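Please open the model in your viewer and keep the selection tool at hand. The tour below moves from one selection to the next.

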Amino acid sequence: MRAFQVRLNGKRICLAGIGEQGVLSTTITYVPFRKRRETRLYVGGLVLPQDEHVCWKQVVLRTGDEIRLKVVETDAVDKPRFRYPRDLAVQAKAEKHQLSKAS
């Protein structure tokens, strides 16, 4: 399966993969206007057809941190730290909010 091998400052933090159906993602976000003013790394996705969100890692990053993501093919991946069902009501509300902002 296709997987993401993620390293932080040279240390392996996870090998994430979702198999044949779903979405695998890695994001880095910086939020300068909140009290925390933090930069975060997230490795997760959505497993289908189970309709489950999965998360391998969430890390607060500091200035100077180095992230390395390598796309690999493998037979086995790390077990996600969290699994939870997708909440369709929350998703519909978020989509409605985004559409109202676009108008």
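Leaving aside neighbours within four places in sequence, which residues is Val 43 in contact with? Select Val 43 and you will find that its contacts (heavy atoms within 4.5 Å) are Val 6, Cys 14, Ala 16, Ser 25, Thr 26, Cys 55, Trp 56 and Lys 57, once those sequence neighbours are set aside.

Before going on, note that this is a predicted model, in which local features need pLDDT of at least 70 and side-chain atom pairs count only at pLDDT 80 or more, while totals for chains, interfaces and linings use all residues. Residues are numbered from 1 along each chain as its sequence is written, and side-chain values use heavy atoms, with hydrogens and water left out.

Strands are DSSP runs of at least two residues, numbered from the N terminus.

Now turn to the charged side chains: four salt bridges are found in a search of the whole structure, each being a side-chain nitrogen of Lys or Arg within 4 Å of a carboxyl oxygen of Asp or Glu.

Select Glu 73 and Arg 2, whose closest N and O atoms are 2.8 Å apart in a salt bridge. Because Glu 73 lies in strand E6 (residues 67-73) and Arg 2 in strand E1 (residues 2-8), this pair ties together parts that are 71 residues apart in sequence. Both Glu 73 and Arg 2 are exposed.

Move on to Asp 78 and Arg 12, a salt bridge with its closest N and O atoms 3.2 Å apart. Asp 78 lies in the loop between E6 and strand E7 (82-85) and Arg 12 in strand E2 (residues 11-16), so the pair ties together parts 66 residues apart in sequence.

Then select Arg 40 and Glu 38, whose side chains meet in a salt bridge at 2.5 Å, N to O. Glu 38 counts as buried at 15% relative accessibility, whereas Arg 40 is partly exposed, at 25%.

Finish at Lys 70 in strand E6, which touches Ala 3, Phe 4 and Gln 5, not counting residues up to four places away in sequence.

Notes:
Helix = DSSP H or I, 4+ residues; strand = E, 2+ residues; numbered from the N terminus. Buried < 20%, exposed > 50% of the residue type's maximum accessible area, 1.4 Å probe, protein only.
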